[in-house]
Amino acid sequence: MTKILIVEDEESILMPLEDNLRLEGYEVSCARDGLEGLSMAAERPFDLIVLDIMLPKMDGFEVCKRLRQDRVMTPILMLTAKSQEIDKVLGLELGADDYVTKPFSSRELLARIKSILRRAKEPHRGIDFFRFDAIELDFVKYEAKKKGQPIPLTALEFALLHYLVQNKGRVVHRNEVLDSVWGKDVYVDARTVDKHISLLRRKFEDDPQDPKYFLSVRGIGYKFTG
Ligand code: CA
């Protein structure tokens, strides 16, 4: 059974979410503050963590950061309330896999959850290993290295990289990327793709401001030239 941990202190969000996920057949555990969430996530294996940001005792940013530092790589879906929080989720490179902005519909959240779980479970098809310049990508072991140094990547970043590598040399539209990497049934703003491309640039490009591999094609999307 797929196990989901929800870390959320607001009962009005937690309870319907818990019910909906149970109805969908997931095994659901709940934590009502950051510390409890952190200890539960570290003690037991979950397939996914739904993590609120504003939490008593320890906020969601810190919980996410600590889990990744402790090498707990369970996919994390953050619940954000403000646009500043979204920028922080993406900008801090906390290792969250996706985020949903409050208020959200249970349908939207379920679609996101399914998309993350599908990505995490499906082994990548096609290219297993790819090397360009001093960068090595292993899509089987989920390992990335630049000049021999490991680069931490989330499952979503691996999925995005894999898609770009498979479409090397071709201009890919933002919507194509969204459909293939995030999933067709998921509503994500095109800005999300831009944000994730800029994170990949920061991790792989020598000069992220003047990218060599992850090129923007104005008005259309991106081209990977590795
Ligand atoms: Ca909260």
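The model is predicted. The protein chain has 226 residues, arranged with eight helices and 12 strands. A calcium ion is coordinated by Asp9, Glu10, Asp52 and Met54. Tryptophan 182 is among the residues with the most contacts inside the largest nonpolar core.

**Overall shape**

- A compact globule of 226 residues would have a radius of gyration near 17 Å, and the protein chain agrees, with 17 Å.
- Along the principal axes, the C-alpha atoms of the protein chain fill a box of roughly 50 × 35 × 35 Å.
- Buried residues account for 50% of the chain's 226 residues.
- The accessible surface of the chain is about 11200 Å². Carbon and sulfur atoms hold 50% of that surface.
- Take the contacts in the chain with a separation of 6 or more: 57% of them join residues 24 or more positions apart.

**Nonpolar cores**

- In soluble globular proteins, nonpolar side chains tend to be buried together.
- The largest nonpolar core here has 32 residues. Leu137, Trp182, Phe204 and Phe214 have the most contacts inside this core.
- Strands E6 (129-132), E7 (135-138) and E12 (221-224) each supply at least two residues of this core, as do helices H6, H7 and H8.
- Helix H6 gives the largest share, eight residues.
- Another core, of 24 residues, lies apart from the largest one. Its members include Leu51, Ile53, Met58 and Leu67.

**Helix H7 and tryptophan 182**

- Helix H7 spans residues 174-182, and its buried residues are Val177, Leu178, Val181 and Trp182.
- These residues cover an arc of only 100° around the axis, so they sit on the same side of H7.
- Their cover includes strands E5 (98-101) and E10 (171-173). It also includes helices H5 (106-121), H6 (155-166) and H8 (190-204).
- Leaving out residues up to four places away in sequence, tryptophan 182 touches a set of residues that includes Asp98, Ser115, Arg118 and Arg119. Leu156, Leu160, Val193 and His196 are also among the residues that tryptophan 182 touches.
- Glycine 183 follows H7 and has a positive phi, near 110°.

**Calcium site**

- The donor atoms are OD of Asp9, OE of Glu10, OD of Asp52 and O of Met54, at 2.1 to 2.8 Å.
- In sequence, the donor residues are spaced D-E-x41-D-x1-M.
- Glutamate 10 and methionine 54 link distant parts of the chain, 44 residues apart.
- Glutamate 10 lies in the loop between strand E1 (3-7) and helix H1 (11-23). Glutamate 10 is partly exposed, at 33% relative accessibility.
- Methionine 54 lies in the loop between strand E3 (48-52) and helix H3 (60-69). Methionine 54 is exposed, with a relative accessible area of 52%.

**Backbone exceptions**

- Most residues other than glycine have a negative phi, and most peptide bonds are trans.
- Lysine 57 has a positive phi, near 70°. This lysine 57 is in the loop between E3 and H3, and is exposed at 67% relative accessibility.
- Lysine 147 has a positive phi too, near 50°. Lysine 147 is in the loop between strands E8 (143-146) and E9 (149-150), and counts as exposed at 62% relative accessibility.
- The peptide bond from lysine 102 to proline 103 is cis, with omega near -5°. Proline 103 is in the loop between E5 and H5.

Note on methods
Residues are numbered from 1 along each chain as its sequence is written. This is a predicted model: local features need pLDDT of at least 70, side-chain atom pairs count only at pLDDT 80 or more; totals for chains, interfaces and linings use all residues. Side-chain values use heavy atoms; hydrogens and water are left out. Buried means under 20% relative accessible area, exposed over 50%, partly exposed in between (1.4 Å probe, protein chains only). Helices (H or I, at least four residues) and strands (E, at least two) are DSSP runs, numbered from the N terminus. The arc is that of the directions from the helix axis to the C-beta atoms. Contact means heavy atoms within 4.5 Å. Donors are N, O and S atoms within 2.8 Å of the metal (3.2 Å for Na, K and Ca); water is not among the atoms, so sites may look incomplete. The radius of gyration is taken over C-alpha atoms; the globule rule is 2.2 Å times the number of residues to the power 0.38. Accessible areas come from the Shrake-Rupley method with a 1.4 Å probe; for residues, only the protein chains shown count as cover. A nonpolar core is a set of buried Ala, Val, Leu, Ile, Met, Phe, Trp, Tyr and Cys residues joined through side-chain atoms within 4.5 Å.
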